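This note sets out a number of points for a reader who is new to protein structures. Please keep the sequence and the model in view while reading.

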Amino acid sequence: MKKRNQILALTAAVTVLSASTAMAEYVEGREPVYRGEGVMTTAVSTARDYAVVVNGVQLEKKGYMDGDKVMLPVRAIAEALGFEVTWIGETETVQLTRGANFITLQIGVDGYTFAKTAPMPLGKAPVEIEGTTFVPIDFADEILHTTVTIDPTGTVAITEASEAGEVAPQVSDEGISTAFVSEVGEKSITVETLSGNTVVLNIGEETKLVGKDGEDIKIADLTTGMKVNVVYGEIMTASEPPQNVPVSVRIVEERETETSLAKVLEVDLEAQQIVTGEDIEKPETQVVFNVGDDTKITKDGKDIELKDIKADDNIRVIHSIAMTRSLPPQTAAYEIEVVDAEAGQAPETAELEGTIAEVDAEEGRVTIGDEKDLNAQTILLVSEETEIVDKDGKTLKLEDLKKGMEIKAVHKTMMTMSIPPQTPAVKITVQK
């Protein structure tokens, strides 16, 4: 999860803590400073009440400070943004609806959902005070995707970028967003960001497409599963999904994959998807594999089509390491093999390919995946029994592994439910 600025009220001092934890004094007349992803702040009032302004209109309801979090009245803000707000008393749940946008939150539960995304914790659960539900300030930024500022007087200003006909993409401080290619068209590509959002990139005449080694490439050189860095253009549409004409798209990794065995629950030919898991009624047990035109599907060594896969079939899938945060999560399938029931049983080991993000030789841990996103990582636990070799079979030590190396790992199928998941490594092969 991305870092968020947390507002701290300090006795007899007015200070601000940025996402990098650097302290700064407020200078009179200074405009709010954008500090990367999250809330824009200059300095914060120590007053209990925080006036709230939405798209230039001040609300009657006010926010307040609770520990290190500013809490805001969710109904007043949501209605000002055009959402329909529904209170379900039986479960103490609030539902926000606007067009295709559907958001839910529950009193006392630090888990907020947007559309079909898995619940996202924000560090503090919603609270109900005298009939008003309050949520942490991060809700406006993380869930409602608005721009949030706080001025020295304690006024919280919430601005919806779509008011200006555009929405702000999620980018790093350098203006670069990392994403995975999920679909390639003649003049556009669809990507999944590390935060699980979908964006359509319309490739314009001025868009620069760059290969991994810095060479110029064409859109036809891009394939599903590629990891890319995107520099967005100035305008992002307010459509679903949002669209943008990027300044540049650069390949970071050709493809990061892992292999999974799964039981088919349902095949959607229209959507080109295979729903797998334990129970069709329990999305939390499922994974959806998106099948593209270049996905190879086989059975008994022969090519077959998606329509030949049936419910209750067992399949072995080579797929992207990246998954959406939706429920159930989705991922791009590159190769699908229908296997018999015995072969479809969970094996003792599985394979995983990726780039080393970190090596902790002292703890015996190798982290692979995107170093900036815990949800796109896997930790390999290295023991004395773990075999480590280079591509020629030469024996290596754990200390020989370095950040940036591309490896192929054979690991136990058992994984922890932590973020990132951890699994014992059986064999690690350095590919380059």
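A residue is called buried when its relative accessible area is under 20%, exposed when that area is over 50%, and partly exposed in between, using a 1.4 Å probe and protein chains only. The structure is a predicted model, in which local features need pLDDT of at least 70 and side-chain atom pairs count only at pLDDT 80 or more, while totals for chains, interfaces and linings use all residues. Residues are numbered from 1 along each chain as its sequence is written, and side-chain values use heavy atoms, with hydrogens and water left out.

1. Overall composition. The chain has two helices and 35 strands; these are DSSP runs numbered from the N terminus, with helices being H or I of at least four residues and strands being E of at least two. Of its 432 residues, 44% count as buried. The accessible surface comes to about 22,400 Å², and 48% of this belongs to carbon and sulfur atoms; such areas come from the Shrake-Rupley method with a 1.4 Å probe, and for residues only the protein chains shown count as cover.

2. Contacts along the chain. A contact means heavy atoms within 4.5 Å. Among the contacts in the chain with a separation of 6 or more, 55% are accounted for by residues 24 or more positions apart.

3. Strand 7 and its partners. Two strands are said to pair if DSSP finds at least two bridges between them. Strand 7 (residues 63-66) pairs in the antiparallel sense with strand 4 (residues 49-50) over two bridges. Strand 7 also pairs in the antiparallel sense with strand 8 (residues 69-73), here over three bridges. Tyrosine 64 takes part on both sides: aspartate 49 has tyrosine 64 as its bridge partner in strand 7, and tyrosine 64 has methionine 71 as its bridge partner in strand 8. The hairpin of strand 7 and strand 8 has two residues between the strands, and glycine 67 takes a positive phi near 70° there.

4. An aromatic pair at tyrosine 64. Rings of Phe, Tyr and Trp (its six-membered ring) pair if their centres lie within 6.5 Å; planes under 30 degrees apart count as stacked, over 60 as edge-to-face and the rest as tilted. By this rule there are two aromatic pairs. One of them joins tyrosine 64 and phenylalanine 134 edge-to-face, at 5.1 Å centre to centre with 75° between the planes. The pair links distant parts of the chain, since tyrosine 64 is in strand 7 and phenylalanine 134 is in strand 14 (residues 132-136), 70 residues apart. Are these two residues buried or exposed? Tyrosine 64 is buried because its relative accessible area is 8%, and phenylalanine 134, at 8% relative accessibility, likewise counts as buried.

5. The nonpolar cores. A nonpolar core is a set of buried Ala, Val, Leu, Ile, Met, Phe, Trp, Tyr and Cys residues joined through side-chain atoms within 4.5 Å. The largest core has 30 residues, and those with the most contacts inside it are Leu72, Ile77, Leu96, Phe139, Leu144, Val156 and Ile158. The elements that each supply at least two residues of this core include strand 8, helix 1 (74-80), strand 10 (93-98) and helix 2 (138-143). Leaving aside neighbours within four places in sequence, leucine 96 is in contact with residues including Val74, Phe83, Ile103, Phe139 and Leu144. A second, separate core of 18 residues includes Val181, Ile189, Val199 and Tyr232. In soluble globular proteins, nonpolar side chains tend to be buried together.

6. Threonine 104. This residue lies in strand 11 (residues 101-106). Threonine 104 is buried because its relative accessible area is 18%. Not counting residues up to four places away in sequence, threonine 104 touches Val94, Gln95, Gly111, Tyr112 and Thr113.

7. Salt bridges. A salt bridge is a side-chain nitrogen of Lys or Arg within 4 Å of a carboxyl oxygen of Asp or Glu. By this rule the count is eleven. In one of them, lysine 124 meets aspartate 66 at 3.9 Å, N to O. Lysine 124 is in the loop between strand 12 (109-114) and strand 13 (127-129), whereas aspartate 66 is in strand 7, 58 residues apart. Aspartate 66 counts as partly exposed, at 28% relative accessibility.

8. A salt bridge between two strands. Glutamate 351 forms a salt bridge with lysine 408, with the closest N and O atoms 3.5 Å apart. Glutamate 351 lies in strand 30 (residues 349-360) and lysine 408 in strand 34 (residues 406-412), so the pair ties together parts that are 57 residues apart in sequence. Glutamate 351 is partly exposed at 35% relative accessibility, and lysine 408 is partly exposed with a relative accessible area of 28%.
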